[in-house]
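Work through the exercises below with the sequence and the model side by side, and try each task before you read its solution.

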Amino acid sequence: MKPKIVLYKALPEAELARLRDRFEVSAFDGIGPHNRADFMAALTEAEGLIGASAPVTTEMLAQAPRLRAVSTISVGIDQFDLATLNRRRIALMHTPSVLTETTADTLFALVIATARRVVELSNLVRDGCWQGSIGPEHFGVDVHGKTMGIIGMGRIGYALAKRAHLGFDMKINYYNRSPHQQAEAQLSATRMPLDALLAEADFVCLVLPLTPGTERFIGREQFALMKPDAIFINGSRGKVVDEPALIQALQERRIRAAGLDVFEVEPLPGSSPLCRLDNAVLLPHIGSATHETRLAMVRCAVDNLIAALDGDLGRNCANAAAVFPPQG
Ligand code: 8YV
């Protein structure tokens with residue numbers, strides 16, 4: 001009898017086949033009103049759960065008494081009821097090792113796009129408004145040689161700092177709970193208090209995970225500390241920022257611009273004031289969204305689930321995120 005698992009995200013056929021070889025799979029393409037009842041029913045027998053882009057709630061876990069492992073196709077684990085997973089010693093696996101570089105590429109794309117007003121000026125051309133040589137009213141600002149303040153020097157923060165320092169001669173300051181020896185040794189990065197980082201940075205890049213301690217970590221007070229020509233980049237989670245305060249800072253030009261890949265509410269409603277700001281570059285949460293990386297994430301998540309349900313968490317322990325059942 002194959003263990004039963006529930007899948008809540010559409011997978012490439014080859015990866016779905018790998019799961020079906022080993023497990024009895026109840027497959028759902030997302031979780032919504034149209035399939036929630038069937039999803040909840042499938043959980044009752046499930047020993048494993050795999051997917052992404054949907055909260056796995058306390059109610060869902062209560063519906064899954066046999067659950068032994070959850071494998072998320074993401075690095076973020078903020079959509080899980082970690083307390084329940086911990087209490088029930090359910091393994092939560094994620095995919096940190098395969099999306100770091102792609103996500104750092106996306107964040108640096110936002111740095112360039114906001115600094116040089118790429119979207120705004122591309123639209124000017126598309127709209128037939130390019131009437132002659134571009135004047136100062138359309139100039140952007142340099143990136144090379146400027147100061148980048150990174151809030152959260154983890155894997156993605158370090159990959160971003162590499163691009164900035166080694167590729168663009170940028171000075172790297174960072175705010176982190178602990179020192180990052182490699183960033184300091186390899187990139188001459190300077191760890192400093194948040195207020196000092198905000199006051200000095202030309203580019204403030206937020207790369208913290210969303211946790212109860214980081215909700216609305218950047219708000220009115222922090223935006224007020226930033227330089228008026230500072231550019232704010234958010235590659236963490238929307239809820240790590242006080243979004244109304246960000247909107248006000250942009251509307252009042254208290255900061256120059258923002259490049260955002262994440263939002264408090266996703267998808268971002270078209271009615272959001274952010275959609276009407278010419279000094280905001282908005283992306284639909286595409287940090288890791290390349291063909292290569294998303295396939296690598298799926299493969300990693302499938303490997304994680306197989307290892308966890310084989311009872312061999314040590315095989316992929318680098319991807320063990322939040323809880324690790326007792327060994328043996
Ligand atoms: C997710 C992300 O993979 O990995 C994360 O935490 O935010 C994205 O790269 C995506 O949102 C879920 O598929």
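A residue is called buried when its relative accessible area is under 20%, exposed when that area is over 50%, and partly exposed in between, using a 1.4 Å probe and protein chains only. This is a predicted model, in which local features need pLDDT of at least 70 and side-chain atom pairs count only at pLDDT 80 or more, while totals for chains, interfaces and linings use all residues. Residues are numbered from 1 along each chain as its sequence is written, and side-chain values use heavy atoms, with hydrogens and water left out.

**Exercise 1. State what average pLDDT the protein has.**

Solution. Begin with the term: pLDDT is the predictor's confidence in each residue, on a scale from 0 to 100. The protein averages a pLDDT of 95, and 95% of the residues score at least 70. For the model, the scores are ipTM 0.93 and pTM 0.95.

**Exercise 2. Find which residue forms a salt bridge with Glu101, and decide whether Lys162 is buried, partly exposed or exposed.**

Solution. Step one is the criterion, which asks for a side-chain nitrogen of Lys or Arg within 4 Å of a carboxyl oxygen of Asp or Glu. Glu101 pairs in this way with Lys162, and their closest N and O atoms are 3.9 Å apart. This pair links distant parts of the chain, since Glu101 lies in helix H5 and Lys162 in helix H7 (residues 155-168), 61 residues apart. Helices here are DSSP runs of H or I with at least four residues, strands are runs of E with at least two, and both are numbered from the N terminus.

Step two is the accessibility. Lys162 counts as partly exposed because its relative accessibility is 28%, and Glu101 counts as partly exposed because its value is 37%.

Step three is another salt bridge, formed by Arg163 with Asp105, whose closest N and O atoms are 2.8 Å apart. Here too distant parts of the chain are linked, with Arg163 in helix H7 and Asp105 in helix H5, 58 residues apart. Asp105 has 43% relative accessibility, so Asp105 is partly exposed. In total, the structure holds 19 salt bridges.

**Exercise 3. Name the salt-bridge partner of Glu120, and find which helix gives the largest share of the lining of the second largest pocket.**

Solution. Glu120 forms a salt bridge with Arg117, the closest N and O atoms being 2.8 Å apart. Arg117 is buried because its relative accessible area is 18%, whereas Glu120 is partly exposed because its area is 25%.

Now turn to the pocket, which is an open set of points on a 1 Å grid over the protein atoms alone, with protein on both sides within 12 Å along at least five of seven lines, while a cavity is a set of points where a 1.4 Å probe fits but cannot get out; lining residues have an atom within 4 Å of a point. The second largest pocket is lined by 19 residues, and Glu120 is among those nearest its centre, together with Leu277, Asp278, Asn279 and Ala280. Helix H5 (100-115), H6 and strand E12 (280-282) each supply at least two lining residues, and the largest share, 4 residues, comes from H6.

**Exercise 4. List which residues line the largest cavity.**

Solution. The lining consists of Phe232, Asn234, Gly238, Val241, Glu243, Leu246, Leu260, Val262 and Phe263. Strand E10 (231-234) and helix H11 (243-251) each supply at least two of the lining residues.
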